[in-house]
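Here's a friendly walk through one protein model. Have a look at the sequence and the 3D view first, and then we'll go through some spots together.

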Amino acid sequence: MHNSSPHWSDLGAVVVIVVIVATIYGARLADQPIVGEESRWAVGAREMLATGDWIVPRQQGVVFPERPPMSMWLMAAVGWFRGDVDAIAIRLPSVVAIVLTSLLIYGYTRALVSGFAAFVAALAYASMGQVLQIGRMGESEAVFTLFVSASLLLWHLGYTRRWQPLATWSIGFACAAMAALVKGPQAPVYFVAITAVYLAARRDWRYLISWQYAAGAVVFAAIIAAWQIPFYVATDFHSVAATWAGLATDRISLDGLAKHLVTFPLETFACLLPWSPILVALVKRETRELLADQKPLVLFLTIALAVAYPTVWIVAGAQARYFMPLYPLIAVLVGLVIERCSVAVLGRYPRRAWHQFLLCSTTLVGLISLLALIPAKWALGSYQPLWFSLALVLIAAAAAAAIWNCYRSNTPSTRMIAVATIAVFAGVAQAGVAINSNISRWNDPMSAVVGVQKIIGPTTPLVSLTAIDHRFAYFYEAPIAELDWPRDADDLPLGVDYFCFMRNPGDTAERREAGRGRLWTKTSGTLPFAWEEVATLCVERRLRNEPQRIVVLGRVVKPRQAIVSDATVPQRGINLSVATNNATVSR
């Protein structure tokens, strides 16, 4: 039996977890270019601060009903303290969420199992490959995972420890509501379905069908309504429906399902590295028998994963990160399996599985350090500075020695050191190798946008003809008024000198794509007045020798002439995206 009473060792473990996780995710937080969804939510956060309206998310002053506003709220709050929604403000909420989730995992596991299993589980989550990749970026997954896992783990802890049912259901539903305000209906669906199936498996119908459950649902509704009602009053029902159901509906697809059914489990396994190999041991009954005394815990974890996984496995459009909210539960299972396998009887399969895991971890450490030594001409955009490559080799040697020492001398201290070593090295690889690779490959349009600002001048307003890319809008900082695509020369306001628009691959003189998020339409590919192309810049994550989405900066020819000009054919101008991060493109 384990001792679940608080102990000074728990305080030490918590300190170690906070130091390791905060250091891994806080290091080089602002070094990578702003990419992906980061600038989309950052623009919304910046407009909240500028307008004082924290209810209705907007892009260029236009209602943007893509998702509830929690991510933008957090960025705006940090941005308010920092004075700007910069890279730190964009990414710090994710870092804090990873730290808090790690502590949540430790507390939950420690209450039910041992301190070692809790320590392993907390560090395992924080050092899973996909968590390391997404957790240091201004995406919504880290915060979403915090609230989803809190709804499930705190509810189950309350149920197991016989907290008052009203408190247990209220806490679970409240956390589910907070998660819903991050990313929509996935969180309440998971919470309701998982708790229902678990209680049904335990035949505890009275706990499920109770007034306390209804009271918890009221708490959920109250939290959502606190934002939803003012949002509805300020917008309309269509915006409400689009916020909650739009993205989820778009991603439900059967196209390519057969391939997805085969590849998605492999993607999941890769995303959980370096910890997923130890879970293979559960295939053997010997390993499962070691968990017999933790049957209620294992039952809850198994049911939760079994209920949630099909929602992303049988949907062809689902990406691996959609399952990240359940990674904390997998981490708890990892901690429990490692705890039991590492002390199993010598010669039995579970102990061999532990040794195989240590050997696999040592191999991964060696491969990552060798990859960092690949010469730049063969590195395919993953060039690592020589000093860093040499330092990483030394770190890898020390890590391999620590893991090997646990293989040879399987004591509580060597096991603890081995687990911490694996987690720390995974974090070093992400904060070093991966970030260096991203910096060398990703397109950073900041300098190009500065060039646009110099051309226009600090006092001249800029407008966009239909929606402009959120990445350009973020770096430009000044407001860019969105206008409809003009059908005749008089549609453009007289005071406009400079304008911008998106030129997408496939645009023609007859039709061009225009829009943002889920809302796209077609316009004419021509402009009904004389203009000249002043500059272009690419807003894609990577620059490639192929047609890409670009921002076009145009200037109206004065005096204004009603001459039809093809907007899809480059006019004379400057390409501001030619050189970025030592990468070049030709257009």
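## A buried leucine

Buried means under 20% relative accessible area, exposed means over 50%, and partly exposed is anything in between, using a 1.4 Å probe and protein chains only. Since its relative accessibility is 0%, Leu 326 counts as buried. This is a predicted model, so local features need pLDDT of at least 70 and side-chain atom pairs count only at pLDDT 80 or more, while totals for chains, interfaces and linings use all residues. Residues are numbered from 1 along each chain as its sequence is written, and side-chain values use heavy atoms, with hydrogens and water left out.

Where does Leu 326 sit? Look in the loop between α17 (310–313) and α18 (327–342). Helices (H or I, at least four residues) and strands (E, at least two) are DSSP runs, numbered from the N terminus. Which residues is Leu 326 in contact with, leaving aside its neighbours within four places in sequence? Those are Leu 152, Tyr 190, Ala 304, Leu 305 and Ala 308, where contact means heavy atoms within 4.5 Å. As for Pro 33, 293 residues apart from Leu 326 along the chain, the two C-alpha atoms are separated by 28 Å.

## Salt bridges

How many salt bridges does a search of the whole structure find? It finds 18, a salt bridge being a side-chain nitrogen of Lys or Arg within 4 Å of a carboxyl oxygen of Asp or Glu. One of them pairs Asp 86 with Arg 82, with 2.9 Å between the closest N and O atoms. Arg 82 is partly exposed, at a relative accessible area of 46%.

Another one joins Arg 285 to Glu 289, and here the closest N and O atoms are 3.6 Å apart. Both residues belong to helix α15 (residues 285–290), 4 residues apart, which is about one turn of the helix. Arg 285 is exposed, with a relative accessible area of 60%, and Glu 289 counts as partly exposed at 48% relative accessibility.

Now try Arg 503 and Glu 533, whose side chains meet in a salt bridge (2.8 Å, N to O). Arg 503 is in strand β5 and Glu 533 in strand β9 (residues 531–538), so this pair ties together parts that are 30 residues apart in sequence. Are these two residues buried or exposed? Arg 503 counts as buried at 8% relative accessibility, and Glu 533 counts as buried at 6%. Elsewhere, a network of salt bridges links Glu 141, Lys 183 and Arg 321.

## Patches on the surface

Patches are made of residues with over 30% relative accessible area and no salt bridge; like charges are joined within 9 Å, and nonpolar side chains (Val, Leu, Ile, Met, Phe, Trp, Tyr) within 5 Å. Accessible areas come from the Shrake-Rupley method with a 1.4 Å probe, and for residues only the protein chains shown count as cover. A nonpolar patch on the surface is made up of Leu 49, Trp 54, Trp 80 and Phe 81, which together have about 480 Å² of accessible area. You'll find Trp 54 in the loop between α2 (38–51) and β1 (58–59), and at 31% relative accessibility it counts as partly exposed.

There is also a negative surface patch, formed by Asp 484, Asp 488, Asp 490 and Asp 491. For charges, Lys and Arg count as positive and Asp and Glu as negative, with His and the chain ends not counted; the place of a charge is taken as NZ of Lys, CZ of Arg, CG of Asp or CD of Glu. Asp 484 lies in the loop between β4 (480–483) and β5 (498–503), and it counts as exposed at 68% relative accessibility.

## Backbone details

Leu 273 and Pro 274 are joined by a cis peptide bond, with omega about 5°. Pro 274 is in the loop between α13 (257–271) and α14 (276–279).

Arg 203 has a positive phi, near 60°, though it is a residue other than glycine. Arg 203 is in the loop between α9 (186–201) and α10 (205–208) and is exposed, with a relative accessible area of 71%. Glu 477, not a glycine either, has a positive phi of about 70°, and its place is in the loop between α23 (470–476) and β4.
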